[in-house]
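I opened this model to learn how its parts are arranged. My notes follow, in the order I looked things up.

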Amino acid sequence: MRKLLELLGLLMVMQGAGGIIDQLGGRLWHGLFAINRSGWFSGYEIFANGILAVLGTVLIVAVARGVSGHRE
C-alpha cells in the first residue's frame, strides 16, 4: 500500500509540474496533462496544477514519515 501511495504522489507531482510547464510554455503538450484537458479549471490552470503538485509532495512526505499510523 505504501508503494502505491508513493506512486500516486509521484504521478500527482508530475501532472502538476508538467501542467504548469505546459501552460507557461505555449501548450506544447496540450492533452497530456489532466487539468489542462478539463474545462473545470478554465482560467485557473496554473493554480490548480500548482495545488496538485503540492498535494502530491505532501502525500509522498506523509507516506515516507509514516503518518498513516501503519509501519511496515
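**Helix pair**

I began with helix α1 (residues 2-24) and helix α3 (residues 45-65), whose axes come within 7 Å and cross at roughly 155°. Axes here are lines fitted to C-alpha atoms, for helices over the stretch in contact, and angles run from 0 to 180 degrees between N-to-C directions. Therefore α1 and α3 are roughly antiparallel to each other. The cut-offs are under 35 degrees for roughly parallel, over 145 for roughly antiparallel, 65 to 115 for roughly perpendicular, and oblique for the rest. I noted the crossing of α1 and α3 as left-handed. That word applies if the near helix is turned anticlockwise from the far one by less than a right angle; clockwise would be right-handed. In the contact of α1 with α3 I found 16 nonpolar, nine polar and three charged residues. Nonpolar covers Ala, Val, Leu, Ile, Met, Phe, Trp, Tyr, Cys and Pro; charged covers Asp, Glu, Lys and Arg; the others, Gly among them, are polar.

**Model and confidence**

This is a predicted model, where local features need pLDDT of at least 70, side-chain atom pairs count only at pLDDT 80 or more, and totals for chains, interfaces and linings use all residues. Residues are numbered from 1 along each chain as its sequence is written, and side-chain values use heavy atoms, with hydrogens and water left out. I looked up pLDDT, the predictor's confidence in each residue, from 0 to 100. The chain has a mean of 85, and 86% of its residues reach 70 or more. Confidence is highest in α3, at a mean of 93, and lowest in helix α2 (residues 34-37), at 79.

**Whole chain**

I counted three helices and zero strands. Helices (H or I, at least four residues) and strands (E, at least two) are DSSP runs, numbered from the N terminus. Along the sequence the pattern reads α-α-α. Of the 72 residues, 26% count as buried. Buried means under 20% relative accessible area, exposed over 50%, and partly exposed in between (1.4 Å probe, protein chains only).

**Single residues**

Is Glu-45 buried or exposed? I found Glu-45 buried, with a relative accessible area of 11%. Glu-45 sits in helix α3. Its side chain reaches the backbone nitrogen of Gly-43 at 3.1 Å.

I turned to helix α2 for Ile-35. Ile-35 counts as buried, at 11% relative accessibility.

Arg-37 is exposed, with a relative accessible area of 59%. C-alpha to C-alpha, Arg-37 and Gly-19 are 9.6 Å apart in space and 18 residues apart in sequence.

Last, I checked Leu-32, in the loop between α1 and α2. Leu-32 is exposed, at 53% relative accessible area. Its C-alpha atom is separated by 9.0 Å from that of Asp-22, ten residues apart along the chain.

Terms used. A polar contact is a pair of N or O atoms within 3.5 Å; within protein, one must be able to donate a hydrogen and the other to accept it, and residues adjacent in sequence count only if both atoms are side-chain atoms.
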